[in-house]
Every structure is written in structure tokens, then in C-alpha cells.
Amino acid sequence: MARMKFLCDVERCIECNACVTACNNEHDVPWDINRRHVVTINDGKRGEKSISVACMHCTDAPCAAVCPVDCFYTTVDGIVLHDKDLCIGCGYCFYACPFGAPQYPEQQAFNVRGKMDKCTFCAGGPLPDNSPEEYRKYGRNRIAEGKLPLCAEMCSTKALLAGDGTLVSDIYRKRVMKRGGSMDFWRWEAAYPGQGNENRSENDKEK
Amino acid sequence: MKKHFVLTRRRACWLCLCLLCVLTLSAVIMAQERGPNPRGDFWGSVREGVSGYTAVSSAGHDVLIHNGGQNWREIRNGLIAGISPWILAGVFTAIMLFFLIVGKDKLEEPRSGIRIARFSLAERILHWFTALFFIILALTGASNLFGRAVLIPVFGQAPFAAYMQWALWIHNVSGPLFLAGLLLEFIIWVKDNIPKKIDIIWFRNLGGMVGKGPRPHAEKVNGGEKAWFWVMILAGIVVGVTGVILDFPIWGQSRATMQISHAIHATVGLLFVAASFGHIYIGTIGAEGTFEGMWRGSVDASWAKQHQDLWYEHKIKEEQA
């Protein structure tokens, strides 16, 4: 059985945030909720790295462990989903999740948060596949249509990979083998091999 | 004659110290030999929860990996949910055993029929207002922590979730009302609850509840009641303040603040409930004639003489004057 995984190749992610936009559009998520977000570490410095992150569909999901009403379930594909009809909007999954995946449409006094929303790996929820109610509550169910998550499908640099964990790791392993240990497959030497440093700006020179 | 090496405590300490020095030194040398590993350090710092830049500015989204959540999960699901049922059951069982072995603290003299005013109507309304919200908060709070293990197998998932939706809302609205009641109680009752020397004697004699012998002296509020008052005020303020932090996520408090607040809230709240068992016991079935004081507002003169003798004498003098 396939075990669905996301993997973001940090050597490829260019922080375009298209995955975020595509997801918001595909699932028509409420305003101010972003099921996916891109974080850039060491932003603006040499060697900065960007990573696109959403629900990581943990095997031992902390959100599911702390839910007072036990509204989470894992599909046969290893996708962690939740039932919004059971969710009480207490905020515990938000406390527990290391990736900031659970979010709420509201945040008001007396801890009124509304039903939690998070990445579904484009697999909808417990309602009938691609029914109007499922779309309204969880967004499109692309998995039921035989498609993979849209964020990864439309990633322009194919940094974000989604799918069966063994296939995803095979692709990533091949990339790493091809790159070798050095990360010089981009920047000056990669673009202009053997041309030396004449035309290179001071700022771009390796320190 | 060959002397055997004896491992005294002093020698053992020296041995440990030497071992520690060798280990530290070797660790330092190894770190120097390995040299820096920029990519390892980079992801190491991410694992430790450094923040970065993100265009999506929802709460805490600039941090890739929050470590606090796992700690909070372990504390809530492991420590709090694992230990507190034993504490609650232990206190309840202890009280029940006390009731079965020692029995009810009965009136030693027959009822005199003379009533002495103890709590005014306003005091009683305030007490029952606070008590009502305390019970509501305890039941809804316990449902939140134990309902998944205890109530879902009985009632099913959907009915429990429907109940819990309301229970959560009621809990969140009752909390500030309870805190307000508690602070009012503090204001009107603190003057009677200042700890004094006679309270120590009262405790030394276990309030005269166990065994024969003269009852310890007490003013309007005895040592045990004072102890409950201060437990109630301190626990109530801790639970109340942490509860308000959780109840109003609109003030920009961080997730870490809420995780810590929740752990304190649940721990102190459960201990508060366990302590309340004692108060509820002594106020109802534990001591004959006590409940009347808070329900009808007056007590029998025999009760007052037995439990609050100095207050009784004061009241009699007042009456005579």
C-alpha cells in the first residue's frame, strides 16, 4: 500500500509561494487560512534556504493524539484527515503540531475558533468523494480523482514532491546522486563553466 | 600483607570526577577534529526551532519546527491524564474510608433549637454562584481531558462531540464568571481567614474530629476552613489567570505561552477538584449541622458551641449586650 509523503527539495525551492496560492485556489479555503506556507531560513544571506511546509501527515500525529473528541483518522494511504462535524475548535491540535498545520477560520474572545482547517493532501474528508458538502468543508478531493496534490503537481522547479513515499524518495535519491556532494550545480560555475571570474560581480564571488 | 582497594564514597567521587574530565576533553578534541559542518548546523538549528521569513503571516508560521508541541503533548497525555485519575480516585477513596472508619462528626449535644445567624443571604448567593460554576467547570474540564477515553466508548463519537462542543463553550464562558465570584469571596471573607496561632492547635488536634477529648478552640472560621479558603483562593487565581490566557487568544499570546498555561491550568485545576472533595464532604455528610449554615444561613447553637466555640461565645455576648 502506498504511503503518501510530501518532500521539499531545498536546493530547488525558490520561494515563489505558488504552492500556497494554488492550494488556496484549489480548495477555496477561508480568508486568512493558508494550508501551506513557505519559510526561508537565513533570508537574504548567502546560503539561504526555502522550504514549503504543510501538514506532514505524521505516522504518530500529535494533533490526533491530543484531540479531545478523537476527530482525526489516517487513510489507507497514510493521509491524516479530520472530521469537521466532530471538531469542537478547542485549539489543542494547534498547540501540539510542530509544523503549524492546524488553523482556524476565527479567533475570538472565549476561545471561539470555528472548525479547524488543515492540508488534506488533496484527499477531502469523511464525506462522499467530491460531493458539494465535501468540497465546501475540505476542498477538492484530487486523490479520489486519481490525481496528486496540486501544490506539488504545479511546482515550477519540481522542488515540492508528493506521492508514494518510496517513489518520492527514489526521485530525491537520484537527484542527490547526480548533484554529488557539492552544491555547485547552480550559481556561476554551473552557468558559465570554465570561464573564470572576470565578469563576475564582487557580491557573487565565493567567500 | 596486601591491602585491598576499598571503594569509599570519597574515592568514588574522585573516580567519577576524573572520568568526567576525560570524557569532556575527548569530546572537545573530537569536535575540533570533525570541523564545522555548515549544512548539519543549518538543519540542526531548524530542528531547534529557529525562525525564518515567511510571506504567510499566520501565528507562528515563521518557525519551521516547533518543539514545544511534543513536550506539551507528553505533559498533557502522559503526566496529567496519566496521574490525575489516581490522585482524584485516591482522595475520594481516602475520604470514603475516613467516613466508614471514623464516621460522621455528629453533634455531641442535642439540638438546642436556638438558631444563630452564620451567613447572610448575599454571602450564600455568592457561595452557591461560585460553587455552581466550579462544578460546571470541573465536569466540562474533566470531559475535555478524559471524555475521549471514558465517554466516547459509552455514548459514541458523534454524541460526545456534540456534547463537547457545548461543554467547551460553557467552560469558556463560565471561567471568567467563576473567577469573578472567587475574587468577591476573597474580598468579603478574607478578614475571617487570617491564619492565627489557634489554627495550628486546631490542626494538631485534627479539628477534634478523631478520637475523644476536648475540641480545639475556633473563631468564626476554624483552621480547616481557613486552609480550604487559601487553597481555593490561590488555586483559583492560578487556574483563573491561566484560563483567561487560554480563553482569549486575541491578545497575541504565543503558542508556547498557551502550552505552558494549559499545563498549569490542567494540573492545578485537577488538584483543586481533588481538594474540593474534602470541602464538599465536610460541608455535607461529614459534619452534622454544617450544611444548614450555608443553605439556611443559620446554625444550631449546639453546632456553634461544638465547632466554633469562640465565635459562639462572641455571638452570645452580642446577644446579651
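**Entry 1: the model.** I am working from a predicted model. I keep that in mind for every value below.

**Entry 2: elements of chain A.** I looked up the secondary structure and found 7 helices and 6 strands in chain A. Read from the N terminus, the order is β-α-β-β-α-β-β-α-α-α-β-α-α.

**Entry 3: burial and contacts.** I then checked burial over the chain. Chain A has 207 residues, and 40% of them are buried. For the contacts in chain A with a separation of 6 or more, I noted that 51% join residues 24 or more positions apart.

**Entry 4: the side towards chain B.** How many residues of chain A are in contact with chain B? I get 36 from chain A, against 44 residues of chain B. I listed the elements of chain A that each supply at least two residues to this side: strands E2 (37-41) and E3 (49-53), and helices H2 (62-66) and H3 (92-96). E2(A) gives the most, with 5 residues. By residue class, the side of chain A that touches chain B holds 23 nonpolar, 10 polar and 3 charged residues.

**Entry 5: strand pairing between the chains.** I followed E2(A) across to chain B. Its pairing partner there is strand E1 (residues 53-54) of chain B; the sense is antiparallel, and I count 2 bridges. Which residue of E1(B) is the bridge partner of Thr40(A)? I find Tyr53(B) in that place.

**Entry 6: Asp28(A).** I went through backbone angles next. Asp28(A) has phi near 50°, a positive value in a residue other than glycine. I located Asp28(A) in the loop between helix H1 (18-27) and E2 of chain A. Is Asp28(A) buried or exposed? I record Asp28(A) as exposed, because 10 C-beta neighbours lie inside 10 Å and the cut-off for exposed is 12 or fewer.

**Entry 7: Asn111(A).** Asn111(A) also has a positive phi, about 55°, and is not a glycine. I placed Asn111(A) in the loop between H3 and helix H4 (132-138) of chain A. Why does Asn111(A) count as buried? I find 23 other C-beta atoms within 10 Å of Asn111(A), and 20 or more is enough for that label.

**Entry 8: the two residues together.** I set both loop residues side by side. Asp28(A) is exposed, whereas Asn111(A) is buried. Phi is positive in Asp28(A) and in Asn111(A).

Technical notes:
Residues numbered from 1 in each chain as written. Chains lettered and ligands numbered in written order. Predicted model: local features only at pLDDT ≥ 70, side-chain atom pairs only at ≥ 80, totals over all residues. Helix = DSSP H or I, 4+ residues; strand = E, 2+ residues; numbered from the N terminus. Contact = placed C-beta atoms within 7 Å. Nonpolar A, V, L, I, M, F, W, Y, C, P; charged D, E, K, R; others polar. Pairing = 2+ DSSP bridges.
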